[in-house]
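Biologist: I am new to this structure and would like to learn how to read its salt bridges. Could you take me through them step by step?

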Amino acid sequence: MTFSIALVPGDGIGPEVVEQAVEVLDAVGDKTGHVFNYVELEAGGCAIDSTSEPLPAETLETVKQCDALLLGAVGGPKWESLPGHLRPERALLGLRAGLGMFANLRPARLLPQLRTACPVKDEVLVKSNADGKPKFDILIVRELTGGLYFGERGRSADGKTAFDTEKYSWMEIERVLRVGYDAAMGRGKKICIVDKSNVLESSRLWREVAAVVSKDYPAVETNFLYVDNAAMQLIRAPGQFDVIVTSNLFGDILSDEASVLTGSIGMLPSASLGATVDKGCRMGMYEPIHGSAPDIAGKDSANPLGTILSAAMMLWYSFGLKKEARLIENAVDAVLDSGLRTVDIAGRSERTASEEIVGTRTMGAAVVKAVENGE
Ligand code: IPM
Ligand code: MG
């Protein structure tokens, strides 16, 4: 099949890591016969420089014509003193809302090759794991276009009182829960819905919706946790979780916490999903969870694996190409097994002696080779 992919390399290390992900996608295309066409677009700081807007209307309109969006990173010190509505980060919120990408998937799993990057002890990591192995494999599904981020906000006339609103409709909750349940069906068949229903009315609605939606997924075990307890459980026994579904703000916080468990922010991908569109594709925005790292930009030292794994998520979640996504994931595994490390993930395994520190391009090229050799 043929797919059109919008590329927003963005700022800092964004262009370098996106370039490597494109090489890997092309290798997958060559091997499997799929065709990926790219349209490169501006958003973030570079767009502010050339159009004085973080998210030019043309970028949003063109992305809407594509099947999916791969984004590097936006922002940097150059634009930090701009007022809030003109900052590069606005491009992210504008893309999420403008494309209706209501579900944000943030996986966090322990990579055996980077075991010592995880700050948690073996005796904690083995908890809740039937096979007694130190591991966790969590998928956080964060609601992304509602709640406190998009609710009514304001100030009193004297400016001394301020408010933000947590507001959710049944429809907004149901559609993100379904993304969570569908994901759970393809994984460990467990879902944990995180809320604060002992206090918040909106959380009580989440539970009502969950009671109905869960009936459509009898194979999935549903649990509920209050967010304060969930924050504790993530550190106490991360192995107990499979899929976590939660609101915009709680998901923002818990996903940062989960990323620390993996200890390797340069490795982590993410997907933001919208509604299903034609051709069976689901529009999605894919990006590494790391930032633009302006201090190392242009030095060929950034880790491209988070973006490469984001491209794998694109193949699976937007295009339904599960086998092809596994091809990329297995290639990344093979490259890590071979000892190649970018500097951010060096010295994190028990086999430091056989590690070789490489740059962005060499790491990308190694994944391309592993895709070519993979099955
Ligand atoms: C994230 C970030 C954003 C968010 C910021 C940059 C607006 O923290 O993607 O998690 O809060 O959603
Ligand atoms: Mg965040």
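Modeller: A salt bridge is a side-chain nitrogen of Lys or Arg within 4 Å of a carboxyl oxygen of Asp or Glu. Side chains of opposite charge can pair when their charged atoms come close. This is a predicted model, in which local features need pLDDT of at least 70 and side-chain atom pairs count only at pLDDT 80 or more, while totals for chains, interfaces and linings use all residues. Side-chain values use heavy atoms, with hydrogens and water left out, and residues are numbered from 1 along each chain as its sequence is written.

Biologist: How many salt bridges does the rule give?

Modeller: The count comes to 17 salt bridges. In one of them, the side chains of Asp 122 and Arg 115 meet at 2.9 Å, N to O.

Biologist: Is Arg 115 buried or exposed?

Modeller: Buried means under 20% relative accessible area, exposed over 50%, and partly exposed in between (1.4 Å probe, protein chains only). Arg 115, at 13%, therefore counts as buried, whereas Asp 122, at 40%, is partly exposed.

Biologist: Which residue forms a salt bridge with Arg 187?

Modeller: Asp 137 does, with the closest N and O atoms 3.5 Å apart. Helices (H or I, at least four residues) and strands (E, at least two) are DSSP runs, numbered from the N terminus. Arg 187 lies in the loop between helix 6 (170–185) and strand 8 (190–195), and Asp 137 in strand 5 (residues 137–143), so the pair ties together parts that are 50 residues apart in sequence. Salt bridges that share partners join Asp 137, Arg 187 and Asp 242 into one network.

Definitions and conventions:
Chains lettered and ligands numbered in written order.
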